[in-house]
Amino acid sequence: MLPAINVFNLIIAVNYLKNNIPEELFEAASVDGLGHIQYFIKIILPLSQTIIVVLILYYGVAHWNEFMNGLIYLRDEKLYPLQLTLRGILLQNQASGLGDVDSMVEQQKAAELIKYGLIIVSTLPVLVVYPFLQKHFAKGVMIGSVKG
């Protein structure tokens, strides 16, 4: 189970808000009669789309790659997340060490092919989503960089 707020992501979000949203906007909004909630909804959220997309991507990838909680807490194999299912497939296809050399070589080749296929299966969804979010992600990664 992932934490509700990751400290690293919180630091990124706070730095983004401090560096990219001037305090004068709040003053102008309060002169126009906006309260704190209206200011947040009408001004902060539209200006924060970049950081929101970046944080969604970070949380999505972290959730997609979650392994330990399923391993610790789940006992029913039907409820296993993808990473545990892939681990089970890899463990089943380990070379047993019994038989002649030719069969062991064939088993090893098959195990490697399965391993490479599982890598593709586990990374493909993230690779498909990433290009649509790339412009936001590249902008969001530069948030904490040194500006000179």
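Residues are called partly exposed here when their relative accessible area lies between the cut-offs for buried, under 20%, and exposed, over 50%; every view below shows a predicted model.

View 1. Because Phe8 lies in helix α1 (residues 7-20) and Tyr58 in helix α4, the pair ties together parts that are 50 residues apart in sequence.

**View 2. The edge-to-face aromatic pair of Phe26 and Tyr39.** The ring centres of Phe26 and Tyr39 are 5.0 Å apart, and their planes make an angle of 75°, which is an edge-to-face arrangement. Phe26 belongs to helix α2 (residues 24-31) and Tyr39 to helix α3, so this pair links parts that are 13 residues apart in sequence. Phe26 is partly exposed, at 29% relative accessibility, while Tyr39 is buried, at 10%.

**View 3. A nonpolar surface patch of about 570 Å².** The patch is made by Ile37, Phe40, Ile41, Leu45, Ile52 and Ile56, and the elements that give two or more residues to it are α3 (36-47) and α4 (49-64). Helix α3 provides the largest share, four residues, and Ile41 lies in this helix.

**View 4. The buried residues of helix α6.** In α6 (residues 82-92), the buried residues are Gln83, Leu84 and Leu86. Seen down the axis of α6, these buried residues fall within an arc of 160°, and therefore they line one face of the helix.

Key: Residues are numbered from 1 along each chain as its sequence is written. This is a predicted model: local features need pLDDT of at least 70, side-chain atom pairs count only at pLDDT 80 or more; totals for chains, interfaces and linings use all residues. Side-chain values use heavy atoms; hydrogens and water are left out. Buried means under 20% relative accessible area, exposed over 50%, partly exposed in between (1.4 Å probe, protein chains only). The arc is that of the directions from the helix axis to the C-beta atoms. Patches are made of residues with over 30% relative accessible area and no salt bridge: like charges are joined within 9 Å, nonpolar side chains (Val, Leu, Ile, Met, Phe, Trp, Tyr) within 5 Å. Accessible areas come from the Shrake-Rupley method with a 1.4 Å probe; for residues, only the protein chains shown count as cover. A salt bridge is a side-chain nitrogen of Lys or Arg within 4 Å of a carboxyl oxygen of Asp or Glu. Rings of Phe, Tyr and Trp (its six-membered ring) pair if their centres lie within 6.5 Å; planes under 30 degrees apart count as stacked, over 60 as edge-to-face and the rest as tilted.
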